[in-house]
Amino acid sequence: MTPGGASGAPGVVVVTGVSRHLGAHVAARLATDPRIERVIGVDPPAAGAEFTDLLDRVERVRVDAGSLGGLLADLSVDAVVHLALVSAPDRQHGGRAAMKEQNVIGTMQLLAACQRAPRLRKVVVRSSTAAYGVSFRDPAVFTEETEPREVPRGGFGRDILDIEGYVRGFRRRRPDVTATVLRFAPFIGSTADTTLTRYFRAPVVPTVLGRDPRLQFLHIDDALEVLHRSIVADHPGTYNVAGPGVLSLSQAIRRAGRIEAPVLEPGLSGAVSLARTLGYGRLGLDQVDLFVHGRVVDTSRLIQEYGFTPRTTAAAFDDFLRAHQRGAVLTRDRLAATEQAILAGIRQVRAAAREQS
């Protein structure tokens with residue numbers, strides 16, 4: 001048996017970002033696992049207390065990132081799960097500068113603290129499929145070995161590249177520690193609340209004229225399952241985590257019963273920048289580029305290594321829709337009826353044309 005909990009599971013686990021949905025639910029789930037002795041949730045002093053009831057079995061510590069080194073050593077931490085990432089700038093909380101400070105500088109300071117923690121044997125880091133960037137020369141499907149053709153325009157994509165660079169450096173300095181990087185596709189599901197889910201909840205959905213990108217989603221519950229398995233067992237390496245299959249953007253909008261509003265790409269980028277400047281919404285260039293190019297990743301490494309297959313992209317999106325159907329402009333029944341009416345009209349026109357000829 002290895003040090004820590006039973007069956008090789010770590011005894012003491014630190015989870016960062018527990019004031020956010022993903023971190024809170026991961027920490028709460030770990031706290032109910034009898035193989036794990038102690039779960040400590042870490043957040044900066046100014047973090048909110050939204051998930052206090054959920055975290056009743058989690059020890060919460062509020063500390064600046066620069067003070068983590070002593071904390072990890074004093075608590076004899078076996079594993080660290082780093083989830084304290086911001087995926088879109090929030091003007092009310094410092095905008096892009098604060099986002100980069102938390103994502104890039106925060107990760108750098110955390111990994112420096114991990115390097116000095118003698119008992120540590122596992123680090124799990126949240127990443128994103130945004131690591132692949134966006135380019136007209138991109139392959140149809142990305143594997144974990146695919147290098148980005150161009151640096152992403154959006155801040156989150158650039159942050160992800162920096163974060164993964166720090167993890168590679170950490171692996172060289174601490175080869176004795178199992179380091180797992182999880183490149184998550186965009187989260188979705190009945191409980192997910194992200195810039196992307198808010199986009200699909202809008203009555204009128206702006207899209208890029210002439211583009212219908214292929215998209216993959218990941219159900220938030222499947223993300224929790226993969227994170228949990230990453231902690232209680234050893235899975236070194238980098239993994240794409242996404243639901244099998246794809247949806248085109250037009251299919252997703254149609255399923256959601258929303259109205260598509262195509263605009264030129266510069267117009268959408270400009271509108272996004274203006275809205276962000278004025279403090280409306282958090283859709284960024286990362287999402288705009290996704291709506292131009294799309295992104296599909298290969299998940300065979302995850303399925304083989306973890307013995308787990310997330311629910312399909314379509315199933316994850318449908319679960320999201322079941323919780324948000326009230327805002328639909330067009331229901332599925334109305335869409336089907338409209339399609340049948342259009343097809344009937346086309347058949348009538350063709351029949352009339354044949355009679356005249």
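Biologist: What is the relative accessibility of Arg198, and how does the residue count on that basis?

Modeller: The model is predicted, and local features therefore need pLDDT of at least 70, side-chain atom pairs count only at pLDDT 80 or more, and totals for chains, interfaces and linings use all residues. Residues are numbered from 1 along each chain as its sequence is written, and side-chain values use heavy atoms, with hydrogens and water left out.

Arg198 has a relative accessibility of 33% and counts as partly exposed (buried is under 20% relative accessible area, exposed over 50%, partly exposed in between, with a 1.4 Å probe and protein chains only). Its side chain meets that of Asp193 in a salt bridge, at 2.9 Å from N to O (a side-chain nitrogen of Lys or Arg within 4 Å of a carboxyl oxygen of Asp or Glu). Asp193, with a relative accessible area of 52%, is exposed.

Tyr199 lies in helix α5 (residues 195–201) (helices, H or I of at least four residues, and strands, E of at least two, are DSSP runs numbered from the N terminus). At 7% relative accessibility, Tyr199 counts as buried. Its ring is stacked on that of Phe291, at 4.4 Å centre to centre and with 20° between the planes (rings of Phe, Tyr and Trp, the last by its six-membered ring, pair if their centres lie within 6.5 Å; planes under 30 degrees apart count as stacked, over 60 as edge-to-face and the rest as tilted). Phe291 belongs to helix α9 and is 92 residues away from Tyr199, the pair thus linking distant parts of the chain. Phe291 has 0% relative accessibility and counts as buried.

A second stacked pair joins Phe217 and Phe317, whose ring centres are 5.5 Å apart and whose planes stand at 20°. Phe217 is in the loop between β9 (214–215) and β10 (218–219), whereas Phe317 is in helix α11 (residues 313–322), 100 residues apart. Both Phe217 and Phe317 are buried. Ring pairs connect Tyr199, Phe200, Phe217, Phe291, Phe317 and Phe320 in a cluster, and the whole structure holds nine aromatic pairs.

Helix α9, which supplies Phe291, spans residues 285–293 and is mostly covered, with eight of its nine residues buried. The buried residues include Asp286, Asp289 and Leu290. After α9 comes Gly294, with a positive phi near 70°.

The search of the whole structure gives 18 of them. In one, Glu164 and Arg183 bring their closest N and O atoms to 2.6 Å. Glu164 is in helix α4 (residues 155–173) and Arg183 in strand β6, so this pair ties together parts 19 residues apart in sequence. Both Glu164 and Arg183 are buried, whereas Arg198 counts as partly exposed. Arg229 and Glu225 also meet in a salt bridge, at 2.6 Å from N to O. These two are four residues apart in helix α6 (residues 220–232), and about one helical turn separates them. Arg229 counts as partly exposed at 27% relative accessibility, and Glu225 as buried at 18%. Arg29 joins Glu225 and Arg229 in a network of salt bridges.
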